[in-house]
Amino acid sequence: MPKIRKILIANRGEIAVRVMRTCKELGIATVAVYSEADRSALHVRTADQAFLVGPPPSRESYLVQERILEAAKKAGADAIHPGYGFLSENASFVRACEKAGITFIGPPASAMDAMGEKTRARQNMIKAGVPVVPGTAEPIPTVEEARAYAEKIGVPVMLKAAGGGGGKGMRKVERMEEFESSWRAAKSEAMNAFGNDAVYIEKYLEKPHHVEIQVFADQHGNTIHLNERECSAQRRHQKVVEETPSPILTPEMRAKMGEVAVKAAKAVGYVGAGTVEFLVDVHRNFYFLEMNTRLQVEHPVTEWVTGLDLVAWQIKVAEGEKLPYTQAPTPNGHSIEVRIYAEDPARNFMPSPGRINYLRVPGGPYLRDDSGVFPGYTVPNTYDPMISKLSVWAPTRREAIERAKRALTEYVVKGITTNTRYLKGILSHPEFAGGDYDTSFLTREHETLLGKGEDPQLTEAAVLASVVYAYQRDQKKAKTLTQAPSEGGKGGISAWRQASRRGR
């Protein structure tokens with residue numbers, strides 16, 4: 001196959017910038033697309049060319065296939081990299097690229113059909129003999145049928161979007177009284193995120209771990225896995241902290257899960273980068289959850305411990321190159337990634353859009369910040385509030401935790417509220433340090449992670465100190481007033497009053 005000369009990145013923010021960096025290192029020209037809300041965004045400034053594709057709402061810009069393809073044709077791009085989200089798991093977009101003679105950097109449409117739609121993926125995995133979480137094999141068309149199924153298997157259950165992942169269109173239902181409202185919310189969010197409101201049901205496993213396996217396949221039939229990532233630190237089914245290796249996996253379990261993940265990828269003729277996600281129960285049994293037919297947000301931690309550039313691999317595989325490995329490389333050291341969000345944890349994680357007045361990014365050895373912002377940039381309120389991914393590497397897990405905590409201490413953003421303090425709370429929590437934390441960890445420890453579970457004696461001491469300080473301040477002010485000069489003093493009382501006013 002011919003070498004790729006120019007790539008349009010059909011995405012925005014940090015992932016678009018990250019893909020462009022690898023393209024530049026490979027000598028490949030880059031093209032950005034942007035909505036009206038992203039005119040001054042970093043990915044627009046980083047690209048060699050940029051094209052406006054519509055108004056701020058993603059369904060009118062980043063999700064409009066015709067506009068993306070039109071931009072690619074105008075720019076003369078011979079390939080499109082979808083990043084993650086938006087059109088990255090849309091099989092019809094892959095076919096449209098093929099029809100236009102543009103290389104799609106990702107799996108073929110057939111593999112995306114088989115695995116990108118979650119219920120179809122479950123059916124294919126059952127046929128392939130891969131264990132799956134109990135639930136429906138098809139999207140459920142009506143709320144009445146869905147409610148009947150939920151009552152049959154018993155709550156808690158998970159409502160999940162069939163057309164995509166990333167925590168969008170997911171709701172946990174613990175009481176049947178909540179079912180109808182959760183159903184409507186899941187369908188609405190799924191439609192906004194993926195243009196597909198199909199929803200299915202899974203049985204909710206108690207205290208599960210979320211462990212995923214990175215797989216890679218070329219066009220010559222070679223498929224390998226690149227070990228696992230632990231993704232159990234989640235809030236509202238959205239990953240917040242990821243790490244590799246998983247602290248709960250043994251080498252034997254890693255090999256077994258990797259074998260199943262490779263089997264799943266081969267069963268659908270997969271090509272490129274993909275992730276097979278599993279839930280691991282308290283007995284260390286694992287179940288297929290879904291396959292993300294794209295690059296993952298948390299791919300940097302895998303790059304840290306393998307020394308590989310996964311985006312470069314994606315491009316080379318799209319060009320027809322063979323994978324340089326035949327089996328999983330042994331992970332070297334430990335890596336942790338935290339997601340920096342423009343949100344206020346103390347206000348129920350309300351998004352905090354606005355202008356970044358000051359930004360200081362941490363530095364030091366074995367530290368990486370994948371960011372889509374800069375000082376003076378205005379974070380829009382239209383898209384996901386993640387503004388950066390901070391990842392670190394160290395020889396051991398304990399050292400990686402300490403390095404990540406130190407880096408977060410140095411991370412300063414002024415003008416908007418971020419979750420950096422909340423992230424430090426996660427890394428400092430004894431349960432996280434112990435390694436055996438499950439997907440309910442952040443919900444269960446919510447008050448503690450917000451700093452509301454502090455020692456009451458320390459709180460009382462802080463209040464007393466504030467009272468003492470206020471008393472001393474007021475006494476000092478009163479003393480100053482009683483020592484005001486007389487009319488006959490130097491400058492007179494009027495001069496003293498004028499000086500006091502200027503001081504105030």
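Two strands pair if DSSP finds at least two bridges between them. Helices here are DSSP runs of H or I with at least four residues, strands are runs of E with at least two, and both are numbered from the N terminus. With those terms in hand, hello everyone, and let's start.

This is a predicted model, in which local features need pLDDT of at least 70 and side-chain atom pairs count only at pLDDT 80 or more, while totals for chains, interfaces and linings use all residues. Residues are numbered from 1 along each chain as its sequence is written, and side-chain values use heavy atoms, with hydrogens and water left out.

First, the sheet. Five strands form an open sheet in the order β3-β2-β1-β4-β5, with parallel pairing. At its edges sit β3 (49–54) and β5 (103–104), each of which pairs on one side only.

Let's walk through some of the pairs. Strand β1, residues 6–9, pairs with β4 in the parallel sense over three bridges, and I7 stands opposite A79 in β4. Four bridges, again parallel, link β1 and β2, and there I9 has A32 of β2 as its bridge partner. To get from β1 to β2, the chain passes through helix α1, residues 13–25, in a right-handed β-α-β crossover. Right-handed here means that, with the strands pointing away from the viewer, the path from the first strand over the helix to the second runs clockwise.

Is β2 enclosed or open? Strand β2, residues 29–35, has six of its seven residues buried, so the rest of the structure largely encloses it. Buried means under 20% relative accessible area, exposed means over 50%, and partly exposed is in between, using a 1.4 Å probe and protein chains only. On to β3: β2 and β3 pair in the parallel sense over five bridges, with Y34 bridged to L52 in β3.

Now back to helix α1. It packs against helix α11, residues 310–318, at an angle of about 65 degrees, with the axes 9 Å apart. Axes are lines fitted to C-alpha atoms, for helices over the stretch in contact, and angles run from 0 to 180 degrees between N-to-C directions.

Next, one side chain to click on: E89, in the loop between β4 (79–81) and α4 (91–99). E89 counts as buried because its relative accessibility is 14%. Its side chain makes a polar contact of 3.1 Å with the side chain of R294. A polar contact is a pair of N or O atoms within 3.5 Å; within protein, one must be able to donate a hydrogen and the other to accept it, and residues adjacent in sequence count only if both atoms are side-chain atoms.

Finally, some backbone details. Where are the cis peptide bonds I'd like to show you? One joins V155 and P156, with omega about 5 degrees, and P156 lies in the loop between α7 (143–153) and β6 (157–161). Another joins T244 and P245, with omega about -5 degrees.

K207 is not a glycine, yet has a positive phi of about 50 degrees. K207 sits in the loop between β8 (199–203) and β9 (209–217) and is partly exposed, at 49% relative accessible area. R284, also not a glycine, has a positive phi of about 65 degrees.
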